[in-house]
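Please walk through this protein from its overall fold down to individual ring pairs. Keep the sequence and the structure in view while reading.

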Amino acid sequence: DMKKILIILFVSLIVSCAGNDDNTTNKSINPPSWIQGIWALNDSATVGGVAFDFRADDFCQGQFGIGFTCWKAQGTYFDNFSVFEEVSNTRYFVILSYAGGEQTFEFDKVSDTSIMYNGNTYVKQ
């Protein structure tokens, strides 16, 4: 009986530790398939136009002709970089935490060709 109790406690400890590690060290970025692609603010795919670029394993933001910053690469600069995501068929919510800072993004699907972010419409390119 004591052996069974010890085995149960040991297994419980391993499971709880593994769960905690997964929650605190998630560095992968996984945008849903419906949002993958390039989205421009109000169809402004011209130089200086604000845009987002969602990839299968990354999320970038920037301006056409000026450049994009991708979070996957940014995360490599910080030991404590972490990603929290909530994904549904109509919403992509992500919190990117790093060295004392954090960025929160919430995107809502309006249609297959438009999404909303901070009250602005972005059109798929």
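The paragraphs below go from the fold to the sheet, then to the hairpins and the aromatic residues.

The model is predicted, with local features needing pLDDT of at least 70 and side-chain atom pairs counted only at pLDDT 80 or more, while totals for chains, interfaces and linings use all residues. Residues are numbered from 1 along each chain as its sequence is written, and side-chain values use heavy atoms, with hydrogens and water left out.

Two helices and nine strands make up the secondary structure of the protein. Helices (H or I, at least four residues) and strands (E, at least two) are DSSP runs, numbered from the N terminus. Read from the N terminus, the order of elements is α-β-β-β-β-α-β-β-β-β-β. Of the 125 residues in the protein, 30% are buried, where buried stands for under 20% relative accessible area, exposed for over 50% and partly exposed for values in between (1.4 Å probe, protein chains only). Among the contacts in the protein with a separation of 6 or more, 41% come from residues 24 or more positions apart; a contact has heavy atoms within 4.5 Å.

The nine strands form an open sheet in the order β4-β3-β2-β1-β9-β8-β7-β6-β5, and their pairing is antiparallel. Strands count as paired if DSSP finds at least two bridges between them. In general, the strands of a sheet pair through backbone hydrogen bonds, either parallel or antiparallel. The edges of this sheet are β4 (67-70) and β5 (82-87), each of which pairs on one side only. On average, neighbouring strands are turned by 25 degrees against each other, direction ignored, with axes fitted as lines to C-alpha atoms (for helices over the stretch in contact) and angles running from 0 to 180 degrees between N-to-C directions.

Six bridges pair β5 with β6 in the antiparallel sense, and S82 stands opposite S97 in β6. Next, β6 (residues 91-98) pairs with β7 (residues 101-111) over eight bridges, again antiparallel. F93 faces E106 of β7 across this pairing. Two residues separate β6 from β7 in a hairpin, and G100 in the turn has a positive phi of about 80 degrees. A further hairpin, also through two residues, joins β7 to β8. Strand β8 (residues 114-117) runs antiparallel to β7, with three bridges between them, and S111 stands opposite S114 in β8.

Rings of Phe, Tyr and Trp (its six-membered ring) pair if their centres lie within 6.5 Å; planes under 30 degrees apart are stacked, over 60 edge-to-face, and the rest tilted. The rings of F52 and F105 are edge-to-face because their planes stand at 80 degrees, with centres 6.4 Å apart. Since F52 belongs to β2 (residues 50-55) and F105 to β7, this pair ties together parts that are 53 residues apart in sequence. F52 is buried at 3% relative accessibility, and F105 is buried at 1%.
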